[in-house]
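Let's take a walk through this model together.

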Amino acid sequence: MRIGAHVDSADPLSEAAARAAEAVQFFLSDPQGWKAPQPREDVDRLRAADVDLYVHAPYVINVATLNNRIRIPSRKLLLGHATAAAGVGAKGLIVHGGHVNAGDDLAVGFDNWRKTFAYAAENGGFALPVLIENTAGGDNACARRLDALARLWDAVGEYEVGFCLDTCHAHAGGEELLDLVDRVKATTGRIDLVHANNSKDAFDSGRDRHDNLGGGRIDPELVVAVIRAADAPVIVETPGGVDGQGADIAFLRDRLGAGSPAA
Ligand SMILES: [Zn+2]
C-alpha cells in the first residue's frame with residue numbers, strides 16, 4: 001500500500017523524500033485560479049520517479065453548476081489538467097464533486113457531470129483516470145453524502161470514473177466512517193485513492209478543516225480501518241509540513257504494517 005502526502009508543487013520529489021513518502025499529490029496551477037497548467041522543467045524527472053504521482057485539480061472547478069460561466073471553463077480546465085497530469089506521469093487527477101446553487105435542480109448537476117465526461121470523450125477522452133472526491137459541505141453537493149453519490153454514479157455510469165474517499169470530508173459531511181467503505185463500494189464499485197485526514201470539526205458540521213491524524217475529532221483507528229478496507233493508495237492532506245505529514249505517514253505505516261519504503 002503506497003502512502004504519501006499532498007505537497008508543494010515546486011519540487012514534489014524532494015518533498016516526498018523529506019517525508020519518506022511513496023506517493024505525492026500536488027497542484028499543477030494555482031488551486032484558486034483559472035490558469036491552465038504550464039509546462040514543467042522537471043517533467044522527465046517526474047515521469048521517471050519511483051514515487052507515485054497524483055494531481056489535484058483546482059478548487060475553482062465546478063462542472064456540476066448550472067452557471068455557464070463557471071461550468072464551461074471548468075470542463076476545459078479539467079480536460080487541460082488531465083492532459084498535463086498524464087504528461088508528468090500521474091496516476092490520477094482528483095476533482096471535487098461540485099455542487100449546484102441554492103434553488104437549482106440537483107438532477108441537472110448530475111447530468112452536467114455526465115456531459116463533462118461526454119465532452120471529454122468527444123475530445124479524445126481524459127488522458128488519465130479522473131477521480132471524483134467526496135466533499136464536506138453544502139446542501140446542494142453532488143458528492144457529500146451517499147444518496148447524492150448514488151445519483152451521481154447513475155449519471156456517469158457509462159464512463160470510466162474513479163473515486164477518491166476523503167475521511168475528513170466524510171465525517172464533516174455527515175457519513176459515519178464505520179462500514180463507509182462497503183457502502184461507497186456498493187455505490188461506485190471502487191475506491192482508487194484515500195485522502196486520510198482528521199477533522200477539526202464535529203460530525204456533520206459541513207466544515208472542511210483538516211487535522212493531523214492524532215489530533216481532531218475522528219478516532220485515528222477509524223481512519224486506519226477505512227484505509228485497510230479500501231485497500232487503495234493513501235494521501236494525507238494534513239497540516240504541519242514535513243514534520244506533521246511525516247509523522248502521519250509513519251503512524252499509518254506502523255498501524256498498517258506496511259514496513260519502510262525501499263527508497
Ligand atoms: Zn481531500
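Predicted model: local features only at pLDDT ≥ 70, side-chain atom pairs only at ≥ 80, totals over all residues.

The zinc ion sits in an irregular site, with angles of 85 to 171 degrees among its four donor atoms.

Who holds the zinc ion? Glu-133 (OE), Asp-166 (OD), His-195 (ND1) and Glu-237 (OE) coordinate the zinc ion, at 2.0 to 2.2 Å. Along the sequence, these donor residues follow the spacing E-x32-D-x28-H-x41-E. Take Glu-133 and His-195: they link distant parts of the chain, being 62 residues apart. Glu-133 belongs to strand β5 (residues 130-133), while His-195 belongs to strand β7 (residues 193-195). Both Glu-133 and His-195 are buried.

Now for the aromatic rings. A pair of aromatic rings is described by the distance of the centres and the angle of the planes. There are five aromatic pairs in the count, and here are two of them, both involving Phe-117:

| Pair | Centre to centre | Angle between planes | Type |
|---|---|---|---|
| Phe-117 and Phe-126 | 5.3 Å | 80 degrees | edge-to-face |
| Phe-117 and Tyr-159 | 5.9 Å | 25 degrees | stacked |

The Phe-117 and Tyr-159 pair counts as stacked because its planes are at 25 degrees, and the cut-off for stacking is under 30 degrees. This pair also links distant parts of the chain, 42 residues apart: Phe-117 is in helix α4 (residues 106-122), and Tyr-159 is in the loop between α5 (146-156) and β6 (162-166).

Which of these rings are tucked away? Phe-117 and Phe-126 are both buried. Phe-117 has a relative accessible area of 4%, whereas Tyr-159, at 23%, is partly exposed.

One last stop: Arg-75, in helix α3 (residues 68-87). What is the nearest side chain of opposite charge to Arg-75, and how far away is it? That would be Glu-122, 7.6 Å away. Arg-75 is buried, yet it has no salt bridge; the cut-off for one is 4 Å. Leaving aside residues up to four places away in sequence, Arg-75 touches Val-63, Asn-112, Lys-115, Thr-116 and Tyr-119.

Conventions
Residues numbered from 1 in each chain as written. Heavy atoms only, no water. Donors = N, O, S within 2.8 Å, 3.2 Å for Na, K, Ca; no water. Tetrahedral: all angles 85-135°; square planar, octahedral: opposite > 155°, others 65-115°. Helix = DSSP H or I, 4+ residues; strand = E, 2+ residues; numbered from the N terminus. Buried < 20%, exposed > 50% of the residue type's maximum accessible area, 1.4 Å probe, protein only. Lys, Arg positive; Asp, Glu negative; His and termini not counted. Contact = heavy atoms within 4.5 Å. Phe/Tyr/Trp six-rings, centres within 6.5 Å; stacked < 30°, edge-to-face > 60°.
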